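Below are some notes for a reader new to this structure.

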Amino acid sequence: MSLLIKGITIADASSEFNGKTCDVRVDQGTIAEISANLSPQKSETVFEGNGTVLSPGFFDLNCVFGDPGFETKEDIRTGTAAAAAGGFTGVAIMPNTKPVVHSKGEVEYILNKAKGNLVDVHPIGAISQNLEGKELAEMFDMKQAGAVAFAEVGKAIADDGFMSRALQYALGFDGLLFTHPENKALVGKAQVNESATTILLGMKGIPALAEEMQVARDLFLAQYHNAPIHISNISTAGAVALIKKAKKDGVKVTCDVAAHQLVFTEELLNDFDSNYKVKPPLRSKADNKALIAGLKDSTIDAISSQHRPYEIEFKNVEFEIANYGIIALQTVLPLLLQAGLDTTLIVEKLAVAPRKLLKLEIPQIKKGAVANFTVFNSTKEWVFNSETNRSKSANSPLFNKTLKGKVELVYNNGQYLGY
């Protein structure tokens, strides 16, 4: 299978062709040539670049598929289809399935189910048995079976001693723990950000303090044990400041932010649209700016989708009883462009940094390299609707809206898809 991509701009800081407009030939899953004015070969498929960008394939650090047990939300087939349409050639999926991914058997099931797919699927195992925060899960066995990290999915481990033991245990086999920045005792039953806006709406608010106290706790434990830790989906300016200082102090901390936290704000809750109900909650414009600044100064290592699919009965209900989360794999790129991020930063935070912190091989755009790339157009508009949506679910506030920034081609594992 030979593919020729004509007139493409390369976006890969490690490539000698970075920033240059070239033709790229891919043959049998390998980048065979990169040059100007390559001529099509017999029976070769040709893709015209027309102002598009080619980068290493995007990688998502934090998404949920429902397989096994919750396939009505999303299964591996539809989840990877949505990922590919969003430009992701690799995803790390969370362990909140049924059964929970808390032993090597579930890890092996996911890897076998996803085998042969264009999108690489990497399981994240649970930190505790059944995500209950009481007994440690079989993290070492899961790591040996192929789990890339460990998480509790949308909730923090409240027991300080348990979290301390988990970090110590993972340190022994180079395991990485993903933590959720939320102090449940301070959150209580609140579901939205604490601000003048939410007070006017008559809703109990979650203070930024709830996130920042949890971040501080985890940073102290990581520093005490000299253990790596990843803080997932931060959302406040205070959290950015804490992590920035911790990095300067030598704490082995990484973090990510969900794409929607860079654009959406609490004002969008005025109509009580449950599709804007996420965890952490939408914050203020000042927080948006602090998060974007954190990406630019390398405090925030990566951007994630935080893809959370739900059946209609879990979202098309009153705000207070709706579940948290939105489908997001296909809308990450448009949101990052809306946030004003440039191509170089997008590629670093979506393709390079996520793989680096999980110690996975980073795709390269050079002759002889295994082809793993994404082609996207930053100015092309498209409508996210039932025809273009590849997920089983439709819980997105961007549904039926025109978005700017479109993925046009993905290539990985000797396969490609065009859109």
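1. A residue counts as buried when its relative accessible area is under 20%. The model discussed here is predicted. Cys-63, at 0% relative accessibility, is therefore buried. Cys-255 also has a relative accessible area of 0% and so is buried.

2. How many disulfides are there? The count is 0. A disulfide is a covalent bond between the sulfur atoms of two cysteines. To be counted, the two sulfur atoms must lie within 2.5 Å. For Cys-63, the closest cysteine sulfur is that of Cys-255, 19 Å away, which is too far for a bond. Seen from Cys-255, the closest cysteine sulfur belongs to Cys-63, and the 19 Å separation again rules out a bond.

3. Helix H7 covers residues 208–225 and has 18 residues. At 1.5 Å a residue, H7 should span 26 Å, and because its end C-alpha atoms are 26 Å apart, the model agrees with that expectation. The buried residues of H7 include Val-215, Leu-219 and Leu-221, but also Glu-211, Glu-212, Arg-217 and Asp-218. Just after H7 comes Asn-226, with a positive phi of about 50 degrees.

4. In soluble globular proteins, nonpolar side chains tend to be buried together. Here the largest nonpolar core holds 90 residues. The residues with the most contacts inside this core are Val-91, Leu-177, Ile-234, Leu-262, Ile-303, Leu-336 and Leu-341.

5. Which residues does Leu-177 touch, leaving aside those up to four places away in sequence? Among them are Ile-127, Met-139, Phe-150, Met-163, Leu-167, Ile-229 and His-230. Ala-166 and Ala-170 are also touched by Leu-177.

Conventions
Residues numbered from 1 in each chain as written. Predicted model: local features only at pLDDT ≥ 70, side-chain atom pairs only at ≥ 80, totals over all residues. Heavy atoms only, no water. Helix = DSSP H or I, 4+ residues; strand = E, 2+ residues; numbered from the N terminus. Expected span 1.5 Å × (residues − 1). Buried < 20%, exposed > 50% of the residue type's maximum accessible area, 1.4 Å probe, protein only. Core = buried A, V, L, I, M, F, W, Y, C linked by side-chain atoms within 4.5 Å. Contact = heavy atoms within 4.5 Å.
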